Amino acid sequence: MGVGKFYTGVYPLFEERVIEEQGNLRTWVDGWGSTRQDAIVQPTAGFATRRWLDFAVKGWDDWKRVRERLDPHTPQRTRPLTVDEITPTMGPDSYGWHAPGGSHWRDNIETCNHADVPVRLVTTGIYWGIRDLVGMENLSVMFYDQPGLVQDMFDYWAWFLMELLDEALSHIKVDIVMLNEDMAFKGQAMMSPPLMQKFLLPNYRKLYSFFKDKGVGTLIMDSDGYNNQILDVLYPQVLDGIQPIEIAAGNDPEQILTNFPGIHIHGGVDKRELRFSREQLRAEVVKRYNTARRHGGYIPHVDHGVPPDIPLRNFLYYLELCRGFCDGQDLASFEPSCQLEQQLGPVEEMFEPGSAIAAAYAMDEELG
């Protein structure tokens with residue numbers, strides 16, 4: 001169960017403007033000041049595909065200009081926008097925009113405090129927040145060329161989050177806070193351990209102390225990519241867990257649970273295995289639930305968004321298989337009844353993600 005709206009982006013938004021439109025590609029500046037290239041018609045209804053070209057913050061003057069639009073006490077950050085506050089956007093989703101909707105946390109106090117399910121608050125972590133304003137490559141250079149600026153931005157974001165969440169956490173008992181960071185890729189974090197020690201760890205100490213003082217049970221990081229370097233620096237002193245444990249990035253749930261005793265993890269079911277036969281799919285799911293049952297502290301689920309090349313029938317089978325295992329069914333013998341699949345009609349057309357992406361981006365050949 002969620003707590004309510006906590007918008008962490010730029011407000012008021014910068015004015016969007018088009019630089020160029022060619023075929024199905026639009027080059028434009030979004031409301032957060034980033035220059036990007038998007039497919040006007042997206043290839044799927046899932047994750048939007050975008051290409052970043054330039055970012056709002058390159059130096060101190062840019063940061064001061066953007067920081068003026070990062071006031072944690074702005075009322076619009078925690079309440080639904082009024083009709084006259086909603087600005088149109090050219091973007092395919094809410095990234096680089098302040099979307100309407102959401103509820104104020106005050107309206108959810110009683111519901112959250114009497115919930116019979118965990119209450120979770122998800123917000124933008126330090127690295128993610130600053131990377132959105134600077135760019136990953138630019139930030140990687142800035143650690144060395146402008147360390148004072150990076151320190152100021154990281155310090156500010158930690159303060160910004162505590163100010164934004166302070167009053168709500170004084171009224172609502174939150175079981176889990178998850179900080180979205182996405183600060184790793186295959187085999188490596190996007191910050192080296194020494195950089196994490198210098199820039200990230202001190203601010204995570206502030207956040208961890210703040211959340212624990214507010215009664216938060218568990219602080220989780222959401223980071224795609226390889227997680228071990230992050231955990232080496234941050235666990236257990238300022239993190240209680242991490243997700244989604246992407247297998248393709250080199251993560252191993254068994255190894256993490258063994259090497260980091262007491263950690264909370266979830267994810268770790270290799271999404272790629274859902275593409276193949278049900279026997280192969282089942283073997284992957286059984287492996288992860290076996291690990292969870294032996295170690296504890298682990299909720300297996302797909303290790304990120306489910307890509308469009310996963311057959312729907314396979315995914316429905318996966319759902320019923322996991323439901324049975326969650327209910328304690330035997331890992332070796334249980335087979336679901338496939339009631340969800342029986343609700344589908346015959347296959348009319350097979351989706352080809354490569355062709356869809358090629359069409360969206362006006363490519364001559366589909367992506368293989």
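Biologist: In which sense do strand E2 and strand E3 pair, and over how many bridges?

Modeller: Let me begin with the general idea. Strands of a sheet pair through backbone hydrogen bonds, and the pairing is either parallel or antiparallel. In this structure, which is a predicted model, E2 and strand E3 (residues 35–39) pair in the antiparallel sense, with five bridges between them. One of the facing positions is Val29, which stands opposite Thr35 in E3.

Biologist: How many residues lie between E2 and E3, and which residue in the turn has a positive phi?

Modeller: The two strands form a hairpin with five residues between them. Gly33 in that turn has a positive phi of about 85°.

Biologist: What can be said of the pairing of E1 with strand E2?

Modeller: E1 and strand E2 (residues 25–29) are also joined in the antiparallel sense, over five bridges. Two facing positions may be located in the model. Glu20 has Thr27 of E2 as its bridge partner, and Val18 stands opposite Trp28 in E2. The hairpin of E1 and E2 has two residues between the strands, and Gly23 takes a positive phi near 60° there.

Biologist: What is the order of the strands in the open sheet?

Modeller: Four strands form the sheet, in the order E1-E2-E3-E4, with antiparallel pairing. Strand E1 (17–22) and strand E4 (50–54) stand at the edges; each has a single partner strand, so one side of each is left without a neighbour in the sheet. Neighbouring strands of this sheet are turned by 20° against each other on average, direction ignored.

Biologist: Where do the side chains of a strand point, and how many residues of E2 are buried?

Modeller: In a regular strand the side chains alternate between the two faces of the sheet. As for E2, four of its five residues are buried, and the strand is mostly covered.

Biologist: Let us turn to helices. At what angle do helix H3 and helix H4 pack?

Modeller: The general idea concerns the helix itself. An α-helix has 3.6 residues a turn, so residues three or four places apart point the same way. Here, helix H3 (residues 126–134) and helix H4 (residues 136–145) pack at an angle of about 105°, and their axes are 7 Å apart. H3 is therefore roughly perpendicular to H4. On the side of H3, the contact is made by Tyr127, Ile130, Arg131 and Val134; on the side of H4, by Met136, Asn138, Leu139, Met142 and Phe143. These residues divide into seven nonpolar, one polar and one charged.

Biologist: How many residues of H3 are buried?

Modeller: Nine of the nine residues of H3 are buried, so the helix is largely enclosed by the rest of the structure. Among them are Trp128, Gly129 and Asp132. Just after H3, Gly135 takes a positive phi of about 95°.

Biologist: How many aromatic pairs does a search of the whole structure find?

Modeller: The search finds 15 aromatic pairs. In one of these pairs, Trp63 and Tyr156 are arranged edge-to-face, 5.6 Å centre to centre, with 85° between the planes. This pair links distant parts of the chain: Trp63 is in helix H1 and Tyr156 in helix H5 (residues 147–171), 93 residues apart. Trp63 is buried, with a relative accessible area of 0%, and Tyr156 also counts as buried, at 17% relative accessibility.

Biologist: Which residues form one aromatic cluster with Trp63 and Tyr156?

Modeller: Trp157, Trp159 and Phe160 form one aromatic cluster together with Trp63 and Tyr156.

Technical notes: Residues numbered from 1 in each chain as written. Predicted model: local features only at pLDDT ≥ 70, side-chain atom pairs only at ≥ 80, totals over all residues. Heavy atoms only, no water. Pairing = 2+ DSSP bridges. Axes fitted to C-alpha atoms, helices over the stretch in contact; angles between N-to-C directions. Parallel < 35°, antiparallel > 145°, perpendicular 65-115°, else oblique. Contact = heavy atoms within 4.5 Å. Nonpolar A, V, L, I, M, F, W, Y, C, P; charged D, E, K, R; others polar. Buried < 20%, exposed > 50% of the residue type's maximum accessible area, 1.4 Å probe, protein only. Phe/Tyr/Trp six-rings, centres within 6.5 Å; stacked < 30°, edge-to-face > 60°.
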